[in-house]
Protein chains: 2
Amino acid sequence: MRLIVFSDYALRMLMYAGGCNRLFTIEEVATAYGVSRTHMMKVANVLTRTGYLKAVRGRSGGLVLAKPLGKINLRELVEATEPDFALVECFGCNNRCPITRSCKLQSALAEALDAFTSALSRYTLADLALAPAEVRRLNRH
Amino acid sequence: MRLIVFSDYALRMLMYAGGCNRLFTIEEVATAYGVSRTHMMKVANVLTRTGYLKAVRGRSGGLVLAKPLGKINLRELVEATEPDFALVECFGCNNRCPITRSCKLQSALAEALDAFTSALSRYTLADLALAPAEVRRLNRH
């Protein structure tokens, strides 16, 4: 059971943004984490489109958080970046499992998933953002 | 976030086994669920190797649960069938994320994962097994 890499990178980008008291670029985040610039560009596009980041245009432009740290909830963020939480076939939209109506596994898995997302909902980016000193350390390497 | 199809099928096979008061074949489970026989054969091999099912050889042979229903815990089963729970890079064995030492996301995700698996641990196959009438219904189609 994994989150997709896209969610991992989105979380890292926002944690970076949260420790960065200035505009930042996709390039610098990709370099800081040692990950693909192309991947990070896709992540930045989605985070901008979904209202987590704001893009400032122009020569000295860049990205900045679009909301206060405390308003970026971990559960909502992961729900925005994961394509689904279809743990098993009947949680998705192409369900053909013939025991769906009487199945007791569904509610057990739904309960576990709810416990997972409830735990996430107790965190915001205020708890997770990198310290400004950590952002500076990443930029030195 | 998904479980792998292998886990889904392993759960279904054991739920079937739990409602079946006799030896059963891979063929009949695959037909009952309308899924690939090849997939179900792999599932049966792993479930036999890991002590969930017992294979009885011979002409009138087949498979049967190797443990009492109440001894098959949902958490242990999912842990046996999932390759990992590497939600993000640093949960896996190829971690190269440079913020690992100071990262606060790890513990938030670990807490959520723990809530997930703890919820699963409250169920055994005794709660999830198909009713014998449901197994008979599946076999009629």
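This is a predicted model: local features need pLDDT of at least 70, side-chain atom pairs count only at pLDDT 80 or more; totals for chains, interfaces and linings use all residues.
Residues are numbered from 1 along each chain as its sequence is written, while chains are lettered from A and ligands numbered from 1 in the order in which they are written.

**Colour by confidence.** The model scores ipTM 0.92 and pTM 0.93. Chain A averages a pLDDT of 95, and 100% of the residues score at least 70 (pLDDT is the predictor's confidence in each residue, from 0 to 100). Among the elements of chain A, the lowest mean pLDDT, 93, belongs to H7(A), and the highest, 98, to helix H6 (residues 125-128).

**Select chain A.** You will find seven helices and two strands, running α-α-α-β-β-α-α-α-α from the N terminus. Helices here are DSSP runs of H or I with at least four residues, strands are E runs of at least two, and both are numbered from the N terminus. The C-alpha atoms of chain A fill a box of roughly 60 × 30 × 25 Å along the principal axes. Of its 141 residues, 38% count as buried (20 or more other C-beta atoms within 10 Å of the residue's own; 12 or fewer is exposed, in between is partly exposed, and C-beta atoms are placed from the backbone).

**Next, H2(A), residues 26-33.** Its buried residues are Ile26(A), Val29(A), Ala30(A), Ala32(A) and Tyr33(A). Look down the helix axis: these residues fall within an arc of 160°, so they line one face of H2(A) (the arc is that of the directions from the helix axis to the C-beta atoms). Their cover includes helices H1 (5-18), H3 (37-49) and H7 (132-140) of chain A.

**Now the interface.** The contact takes 36 residues from chain B and 36 residues from chain A (two residues are in contact if their C-beta atoms, placed from the backbone, lie within 7 Å). On chain B, helices H1 (5-18), H5 (105-121), H6 (125-128) and H7 (132-140) each supply at least two residues of the side that touches chain A. The largest share of that side, nine residues, comes from H5(B). Because 100% of the interface residues of chain B are also interface residues in chain A, the copies meet through the same surface.

**Zoom in on Tyr16(B).** Beyond its neighbours within four places in sequence, Tyr16(B) is in contact with Phe24(B), Val29(B), Ala32(B), Leu130(B) and Val135(B).

**Finish at Cys90(B).** Where does Cys90(B) lie? Look in the loop between helix H4 (74-81) and H5 of chain B. Cys90(B) counts as partly exposed because it has 18 C-beta neighbours inside 10 Å. Leaving out residues up to four places away in sequence, Cys90(B) touches Asn95(B), Cys97(B), Thr100(B), Cys103(B) and Gln106(B). Draw a C-alpha to C-alpha distance from Cys90(B) to Cys103(B): the two are 9.8 Å apart in space and 13 residues apart in sequence.
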